[in-house]
Amino acid sequence: MNEYKDSKKDSWALVELGDIAFSPEKTKPADKPTKKIKYLDISGIDNEKNIVVSYKEYLGKDAPSRAQQSIKAGDVAFSTVRPYLKNIALVPDYLDGAVGSTGFCFLRPYGGVESKYIFYWVISQSFINEISKYQKGSSYPAVTNKDVFSQNIPLPATPVQRKIVEKIEELFSYIDAGVEGLKQAKVKLQQYRQSVLKDAVTGKLTEQWREQNADKLEPADTLLERILEERRANWEAEQLKAFEEKGKTPKNDKWKEKYKAPKLFGEQEQPHIIPSGWEWCYFEAIGVVSGGLTKNSKRNSFDNKLPYLRVANVYANELRLEDIQEIGVTDTELDRVLLEEKDLLIVEGNGSPDQIGRLAVWDNSISPCVHQNHLIKVRLTDKALCDFIVYWLMSLPGREQIKAVASSTSGLYTLSISKISGLPIPLPSLNEAIEISNLVSDKLSSAIRTEEELTKKIKHSEQLKSSILSKAFSGHLVKNNGSDETAEQLLGNIRSAKQQLEQKAKLAKKKPTARAKKMKRRPIIDVLRESKKELNVDELFELSGFQGDVTPEGVEAFYQELKAVAETKGVKVTPIEIKGKKQGDTFEYKEVKENEAG
């Protein structure tokens, strides 16, 4: 323990957490197999708000092996696994008497130390930075309870602790209110994005533009007809190439009959009403839908290895190319899986309905590059439609179509080449599709800039909190006046309380002797009156007959009676000191004479 000399922190002390807090007692829920317990583990902590948000219930016989700590309201729960994640919270009132996971180091303060004072200290970046130095393990980095309890904490007197906590909470409440407003703004921004996308794909965004340019626009049915003709021409060119590679020449046009025309859209199938001049079609009508490479060990021996995209590289209208791996490819596969600029890449499967079908546009930043089978590729016949198609699939109406075909009874949402091929697509004229893409791009870019500003402000609020905590624990947040108590006096009281707790634990472990079992309970004051010498706590516990009932309740009853006896006239309490540190007390009764009693 070091005493601060800083004038701002007169009478503060630098102590270890173990000097002012202790671990709760252990418990074994299995000892009471039919009793229901509330159980707190790391999953129950919101590490952004640092509060408990959930708990689990078990019968004692079914409790997890980690359910070993008997916790109380006000305990500070500090996750020892990856402490930098800040899974830290105060145990709420409704979990008083619950059971905590051994994944936490629970800090229960001694009298005179505020739980919230410790809580704010351990969530401070200063503490997190220091405790993180003690992490061990690569796959499961953690610190020990001993590491936590050995960390320093600056300690003022109790009234100053309370003032600091009150000031922190006052300032944090202002910041939290501001952050809540910023988060609401981000939610509204997301709603704005979806509103823009919906207006775009339903034609509302370009309604006026469409009227002004009606005489200049190629009808969508004409565009579709042209795309279908090009689609067939591309297929025929591929077939002729295949004949040539085999050294064959078709004798007639019968091979053209093998062409499979895309399914036409029926009036009754329209997902929603579209503007006059637009057309509904299926995805396969405007692009070639294909799968990718299946990863297997055989590919490691292939001579030709190329970079390939995985699901981990494709997000919502975003490519993340920091981690690109290679895969073996045969010459016969290459034409099918090689990526071209403006190819659409759609995620095939995901357990989350919000993530299924997320897509991005290939930008050809890596060339050559191929893709795995869990990414479905769509190569549009007219690539000028690319951005419009992306906006359709990102819009709420488009997402509804994806979810409708992706849902399954197993709970895993999956897409396939056939499901993607059959997705409905609203088709405007080509010029309108380009105009929509430009308008949406401008609006979404503006929204992104706004969101970045909001994110910066939210991050700044965290920095403000960190600054407040830094000032609080350096003695610069509140004035230290208003208290006659010093940290040293507080520590003296804590040491006495700690010694009493240790003594209680020691007494509770005592096994009653045969003699003790026969002894009847006697008032402690009578034992002192009869004794001709000073008695320590252990001797009083045995001679007053308490050792026959070594239970937590019996020990507590002994200390309550001893406390009253210590205040009785004639009883002298003498501290036992070893090397200047108090180790306990002795008790002695001296008869009070009548002339002294008054």
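Is Phe-558 buried or exposed? In this predicted model, Phe-558 has a relative accessibility of 0% and therefore counts as buried, since the limit for that class is under 20%.

**Aromatic pairs**
- The structure holds 21 aromatic pairs; in one of them the rings of Tyr-39 and Tyr-58 have centres 5.9 Å apart and planes at 65°, so this pair is edge-to-face.
- Tyr-39 belongs to strand 4 (residues 36-40) and Tyr-58 to strand 7 (residues 56-59), so their contact ties together parts that are 19 residues apart in sequence.
- Tyr-39 counts as buried at 3% relative accessibility, whereas Tyr-58, with a relative accessible area of 24%, is partly exposed.
- The rings of Phe-541 and Phe-558 have their centres 5.1 Å apart and their planes at 90°, so that pair is edge-to-face; it links helix 17 (residues 537-543), which holds Phe-541, with helix 18 (residues 552-566), which holds Phe-558, across 17 residues.
- Phe-541 counts as buried, at 0% relative accessibility.
- Phe-78, Tyr-117, Trp-121, Phe-127 and Phe-473 are linked by ring pairs into a cluster.

**Charges over rings**
- The charged end of Arg-358 sits over the ring of Tyr-315, 4.6 Å from its centre, while Lys-465 lies over the face of Phe-172 at 4.8 Å from the ring centre.

- Strand 16 (residues 305-309) pairs with strand 19 in the antiparallel sense over 4 bridges, and Pro-307 stands opposite Glu-326 in strand 19.

Notes: Residues are numbered from 1 along each chain as its sequence is written. This is a predicted model: local features need pLDDT of at least 70, side-chain atom pairs count only at pLDDT 80 or more; totals for chains, interfaces and linings use all residues. Side-chain values use heavy atoms; hydrogens and water are left out. Two strands pair if DSSP finds at least two bridges between them. Helices (H or I, at least four residues) and strands (E, at least two) are DSSP runs, numbered from the N terminus. Rings of Phe, Tyr and Trp (its six-membered ring) pair if their centres lie within 6.5 Å; planes under 30 degrees apart count as stacked, over 60 as edge-to-face and the rest as tilted. Buried means under 20% relative accessible area, exposed over 50%, partly exposed in between (1.4 Å probe, protein chains only). A charge sits over a ring if NZ of Lys or CZ of Arg is within 6 Å of the ring centre and within 35 degrees of the ring normal.
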